[in-house]
Amino acid sequence: MRNPEEYDVVVLGSGAPGKLVAWTLASRGRRVAVVERRYVGGACPNIACLPSKNVIHGAKVADLVRRSAEFGISHDGWKVDMAAVRDRKRRMVDGLVEMHLTKYRESGAELVMGSGRFVAPRTIEVALNAGGVRTLRGQTVVVNTGSRARLDDMPGLAESEPLTHVEALELDRLPEHLIVLGGGYVGVELAQAFRRFGSRVTVVERNGALIHREDPDVTEAVEQLLRDEGVDVRTRTTVDRVEGRSGESVRLKTSGGEIQGTHLLVAGGRTPNTDGIGLESAGVETDGRGHVKVDERLRTTAEGVWA
């Protein structure tokens, strides 16, 4: 291991908690480095919360235009241009990234672009995106690596190359028939958005209700709203196998029969980004699902490491 560069705080991942810790402590005179492999600011401003709301707002406008005759307004000849919807979202993301870079410059926190992994206690080796390697050691290290969309071990699912929310928000053509596998928050909001843009949409949920952890009156209202907008909702439906390829033709063999569409969106939950970052080298333990074990103050099982 090369001689490590010493920092007061090293943050692995630039998502919301880590970047706020970094900006705050750096502005108070601490030497802080944040390691980020791709998305400056984390998932929220790049591929999740804010981009999805940008697209959802576009879908709401499309729905209002489609219903404008109800308000005495003509809407002849209009159409949805998904490439323009995507480009509007991209412009917003570019602005958010620039805002984050400004915060790094103003606070004094150093942003290191590359893939980091623990190689020793409180020591992170970074394979730099621009080439080369740096080794950073912090008196305190914060693990802030977030999560990604989970693909279940279902026959044919991975081979079908399904969309996740990341790819769905980058579509430049409207799916003819979008099948959404999962009726949680992500599945429901994107199902409604693409239906409002004009896609035929089917939501497949294995539980007895959409967003099934909510109170029954809430789940019933959401399900009825989607049905009223023309979404085909299939609850208590399990998938045995997936065939075909998303973007061309895809078929789901389910407990309720076959469902055929053009695109498949997987929205079946999240898995933590803790694999491959060397937690075992730092003495940081995870639970059976890969989440970092922390106490009530977010301390991990390793001295000086938080998550």
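Okay, let's start with what I mean by a pocket: on a 1 Å grid over the protein atoms alone, it's an open set of points where a 1.4 Å probe fits, with protein on both sides within 12 Å along at least five of seven lines. Its volume is the space filled by probe spheres set on the points, which are joined across faces, edges and corners.

Quick caveats: this is a predicted model, so local features need pLDDT of at least 70 and side-chain atom pairs 80 or more, while totals for chains, interfaces and linings use all residues. Numbering runs from 1 along each chain as its sequence is written, and side-chain values use heavy atoms, without hydrogens or water.

So, the second largest pocket holds about 950 Å³ of space. It's lined by 33 residues, meaning those with an atom within 4 Å of a point. Closest to the centre are Arg150, Arg213, Ala267, Gly268 and Gly269. Strand β14 gives the largest share of the lining, 3 residues; strands here are DSSP E runs of at least two residues, and helices are H or I runs of at least four, numbered from the N terminus.

Now over to β2, residues 32-36. Where does it sit? All 5 of its 5 residues are buried, so the strand is largely enclosed by the rest of the structure; buried means under 20% relative accessible area with a 1.4 Å probe, protein chains only. Val32, Val34 and Glu36 point one way, Ala33 and Val35 the other.

β2 pairs in parallel with β1 over 4 bridges (pairing takes at least two DSSP bridges), and 4 bridges also join β2 to β3, again parallel. Ala33 is the bridge partner of Val10 and stands opposite Glu110 in β3.

Conventions:
Buried means under 20% relative accessible area, exposed over 50%, partly exposed in between (1.4 Å probe, protein chains only).
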